[in-house]
Amino acid sequence: MPSQRVDPALPAAVLWDMDGTLLDSEKLWDIPLYEFAERLGFTLAAETRTAMIGSNVPTTMALLFAQAGIEPSADDIREAVGWIDARMADLFATDLRFRPGAPEALRAVRAAGLPTALVTSTERPLTEIALDVIGREFFDVTVTGDEVDGRNKPLPDPYLKAARLLGVDPAECVAVEDSPTGTAAAVAAGCVTVVVPCEVDVPGGERRVLRESLIGFDADALRALVPATR
């Protein structure tokens, strides 16, 4: 059953990405990724790291081992994921920081009474740690990278699932993203996508609205986006 829109002048829902959008966490991911590359005997190339931004665990592992020139076994991948996740858990628990304007934007959207979802490629265990920092009260549902049957961003499935769980039409939603990968997923799902680039530039295009930051992202900013969701 679709949720009843609280205000026709507002979008049906706001769907938030996490890493690089709400949290300045891509820099934290650098730490274990570069460290694990060193364990494998090479230095992670900047272009390989850039290709990982906004992606999911399988893609990241494929890129990592490909640069190492290693054909990994299932055990190799499990060991790498376990090591990186353990390192990230420590960093998430101690060093997470918001991107500019993110806390205020979350509060403003919540105050407007809109349904909201967190839609992240990060897997559930690390997302749970991050939610302790962000605030669980800001989201009605959360969709993580290990909950979409391997159909991760840039495929639209994570955003389609979030809209389905909220009972709204994705074409009437606003997604908030920072990366080309995440933006492609949200646009493919039909969402109007507010893009606040973090580590890499995101080109403009249909159903994309670029912003320099989340400062001032409030109900008035959302009302300005509503014609694009019709």
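A residue is called buried here when its relative accessible area is under 20%, exposed when that area is over 50%, and partly exposed in between (1.4 Å probe, protein chains only). Helices (H or I, at least four residues) and strands (E, at least two) are DSSP runs, numbered from the N terminus.

Please keep in mind that this is a predicted model: local features need pLDDT of at least 70 and side-chain atom pairs count only at pLDDT 80 or more, while totals for chains, interfaces and linings use all residues. Residues are numbered from 1 along each chain as its sequence is written, and side-chain values use heavy atoms, with hydrogens and water left out.

1. **Helix α8.** Let me start here. The buried residues in α8 are Thr 181, Gly 182, Thr 183, Ala 185 and Ala 186. They pack against α7, β4 (173-177), β5 and β6, where contact means heavy atoms within 4.5 Å. After the helix comes Gly 190, with a positive phi near 100°.

2. **Thr 183.** Thr 183 sits in helix α8 (residues 180-188), and it counts as buried because its relative accessibility is 0%. Leaving aside residues up to four places away in sequence, Thr 183 touches Glu 177, Thr 193, Val 195, Val 202 and Arg 208.

3. **Trp 16 and Phe 217.** The structure holds three aromatic pairs. Rings of Phe, Tyr and Trp (its six-membered ring) pair if their centres lie within 6.5 Å; planes under 30 degrees apart count as stacked, over 60 as edge-to-face and the rest as tilted. One of the pairs is Trp 16 with Phe 217, edge-to-face at 5.9 Å centre to centre and with 80° between the planes. This pair links distant parts of the chain, 201 residues apart: Trp 16 is in strand β1 (residues 13-16), and Phe 217 is in the loop between β6 (208-210) and α9 (219-225). Are these two residues buried or exposed? Trp 16 is buried, at a relative accessible area of 0%, and Phe 217 is buried too, at 2%.

4. **Trp 29 and Phe 92.** Here the ring centres are 6.2 Å apart and the planes stand at 75°, so this pair is edge-to-face. Trp 29 belongs to helix α1 (residues 26-39) and Phe 92 to helix α4 (residues 74-95), so the pair ties together parts that are 63 residues apart in sequence. Trp 29 is buried, with a relative accessible area of 15%, and Phe 92 is buried at 1%.

5. **The largest pocket.** Its volume is about 390 Å³. On a 1 Å grid over the protein atoms alone, a pocket is an open set of points where a 1.4 Å probe fits, with protein on both sides within 12 Å along at least five of seven lines; lining residues have an atom within 4 Å of a point. The volume is the space filled by probe spheres set on the points, which are joined across faces, edges and corners. Of the 29 lining residues, Trp 29, Ser 55, Asn 56, Thr 60 and Thr 122 lie nearest the centre. At least two lining residues come from each of α1, α2 (46-52), α3 (57-68), α4 and α6, and α4 gives the largest share, four residues.

6. **Backbone points to check.** Lys 153 and Pro 154 are joined by a cis peptide bond, with omega about 20°; Pro 154 is in the loop between β3 and α7 (157-166). Asp 149 lies in the loop between β3 and α7 and has a positive phi of about 55° although it is not a glycine. Asp 149 counts as exposed, at 78% relative accessibility. Arg 207, in the loop between β5 (192-195) and β6, also has a positive phi, near 60°, and counts as partly exposed at 26%.
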